[in-house]
Amino acid sequence: MSVRDSDVCSYALTSGPDRQDNDVRQTVKTEANVNGVVIYESMFGNTRDIALAIAEGLASHLDVRAFEVGEAPHVFDHPDVIVIGGPTHAFSMSRSSTRESAKDETDEPLVSPTGIREWIASADLEDRQACATFDTKVPKPKLPGSAAASAARKLKKHHCSIVARPETFWVDDMTGPLLDGECERARRWGEELAAAVSARASAH
Ligand SMILES: Cc1cc2nc3c(=O)[nH]c(=O)nc-3n(C[C@H](O)[C@H](O)[C@H](O)COP(=O)(O)O)c2cc1C
């Protein structure tokens with residue numbers, strides 16, 4: 001199984017700022033064998049790195065494509081799983097106001113111009129579409145709330161099936177870096193998720 005178009009972090013990237021110049025929307029709608037999709041939002045690049053590590057893990061069992069959320073299609077052709085993740089902002093998924101605040105933290109351009117909150121609100125998802133969610137957070141101060149948990153709640157309202165417990169990966173500080181070992185933990189999480197959804201798909 002494969003992840004398409006390897007790029008940064010030695011993992012896959014098929015969309016977003018570093019993507020190859022191809023029509024990913026067209027490809028996803030027509031390729032029957034793309035059965036794992038990762039959609040990520042990221043301000044400073046940490047959640048992107050986690051997303052690509054998850055995609056690498058998923059690729060142990062599935063053909064996978066990863067999309068930066070601003071480039072993600074809103075319709076998919078029955079993938080076995082859609083994995084959605086973003087940074088935790090103000091105890092939940094980002095909003096345009098928190099993304100504006102993020103701009104003040106860096107001189108670099110932000111990775112994502114929009115967020116997973118907006119993507120979920122506008123996506124056309126099948127009833128019982130299998131989904132899993134993840135986020136990034138800072139461990140100190142330990143704050144309540146999680147973008148992954150909020151995203152999972154919203155997806156349930158869209159009648160999706162949440163097939164894994166929402167997972168958090170940790171960044172050392174607001175702009176990163178990721179804590180040691182988090183990319184590898186994300187890769188393993190993706191691998192375990194892929195094994196679970198493959199078994200689920202075979203049972204149906
Ligand atoms: C406006 C803003 C609000 C944030 N709020 C929280 C929060 O409530 N809880 C938390 O743990 N981290 C919070 N953070 C830290 C982010 O989770 C961290 O910047 C993110 O995980 C980095 O990932 P990224 O590089 O993909 O954007 C906040 C960051 C920003 C910019």
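Mentor: What follows is an account of helix H6 and of the strands E1 and E2. The model is predicted. H6 runs over residues 182-203. With 22 residues, H6 reaches 31 Å from its first C-alpha to its last, close to the 32 Å expected at 1.5 Å a residue. The buried residues of H6 are Glu 182, Cys 183, Ala 186, Arg 187, Trp 189, Gly 190, Leu 193, Ala 194 and Val 197. They cover an arc of only 160 degrees around the axis, so they sit on the same side of H6. An α-helix has 3.6 residues a turn, so residues three or four places apart point the same way. The face turned away from that buried side carries the exposed residues Glu 184, Ala 199, Ser 202 and Ala 203.

Leaving aside residues up to four places away in sequence, Ala 196 touches Val 163 and Ala 164. His 61 is 135 residues from Ala 196 in sequence, yet the two are 9.6 Å apart, C-alpha to C-alpha.

The buried residues of H6 pack against E1, H2, E3, E4 and E6. E1 and E2 pair in the parallel sense over five bridges, and Ile 39 has Phe 67 in E2 as its bridge partner. In E2, Val 64, Ala 66 and Glu 68 point one way and Arg 65 and Phe 67 the other, and all are buried.

Conventions
Residues numbered from 1 in each chain as written. Predicted model: local features only at pLDDT ≥ 70, side-chain atom pairs only at ≥ 80, totals over all residues. Helix = DSSP H or I, 4+ residues; strand = E, 2+ residues; numbered from the N terminus. Contact = placed C-beta atoms within 7 Å. Buried ≥ 20, exposed ≤ 12 C-beta atoms within 10 Å, placed from the backbone. Pairing = 2+ DSSP bridges. Expected span 1.5 Å × (residues − 1). Arc of directions from axis to C-beta.
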